[in-house]
Amino acid sequence: MNHVGSRAGGLTDLEAVRAFARSRDPGAFEVLLERYQRMVLSTCLRVLGDRGHAEDATQETFLKLARHAGEISTNAGAWLHRCATRTAVDAQRRLRVRRDAEAVAASSSGVPEERTWREIEPLVDVALERLRDQDRDVLVSRFL
């Protein structure tokens, strides 16, 4: 689906991109949205496999288009496809990291592991050495 030369909506893709980049013309953005929303959503859905996540990635892709319209100088469809793919892959990576972190948190008992005095004693000494002399003297005389 190449709309570079198409005049549907009154503008070619490149004219719509330039009009939006130049004056933030909402009609120009709408032309691009109508032409490419299904393609971007399909791309994100193929990568993510979840419609909700794909819709989020689609929205993020069009936000990137709004921010970077002035950088597009050729085929808007190709730019959107590449952006959608990268956005979906990044979203997939973030989801994987979050799921891994949640799995680790779920698998830990939440109970701090018990340590022996032998393991803690050197840490106490190091901490005591960092204190001011007056504070260290109080703690040593009271607890040690």
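Modeller: Gladly, and please keep in mind that this is a predicted model.

Colleague: Let's begin with E55: what is its salt-bridge partner?

Modeller: E55 sits in helix α3, which spans residues 51-68. The closest N and O atoms of the pair are 3.2 Å apart, and the partner is R51.

Colleague: Thanks! Is R51 buried, partly exposed or exposed?

Modeller: Buried would need under 20% relative accessible area, and exposed over 50%. R51 has 48% relative accessibility, so the class is partly exposed.

Colleague: Now for E60 and K64: which residue joins them in one network?

Modeller: E60 and K64 are both in helix α3, four residues apart. Their side chains meet in a salt bridge at 3.7 Å, N to O. Salt bridges with shared partners extend this into one network, and the residue that joins E60 and K64 there is R94.

Colleague: Nice. Next, D13 and R35: how many residues apart in sequence are the parts that this pair ties together?

Modeller: The two side chains form a salt bridge, with 2.4 Å from N to O. D13 belongs to helix α1 (residues 13-23) and R35 to helix α2 (residues 26-48), so the bridge links parts whose separation in sequence is 22 residues.

Colleague: And is D13 buried or exposed?

Modeller: The cut-off for buried is under 20% relative accessible area. R35 falls in that class, and D13 is likewise buried.

Technical notes. Residues are numbered from 1 along each chain as its sequence is written. This is a predicted model: local features need pLDDT of at least 70, side-chain atom pairs count only at pLDDT 80 or more; totals for chains, interfaces and linings use all residues. Side-chain values use heavy atoms; hydrogens and water are left out. A salt bridge is a side-chain nitrogen of Lys or Arg within 4 Å of a carboxyl oxygen of Asp or Glu. Helices (H or I, at least four residues) and strands (E, at least two) are DSSP runs, numbered from the N terminus. Buried means under 20% relative accessible area, exposed over 50%, partly exposed in between (1.4 Å probe, protein chains only).
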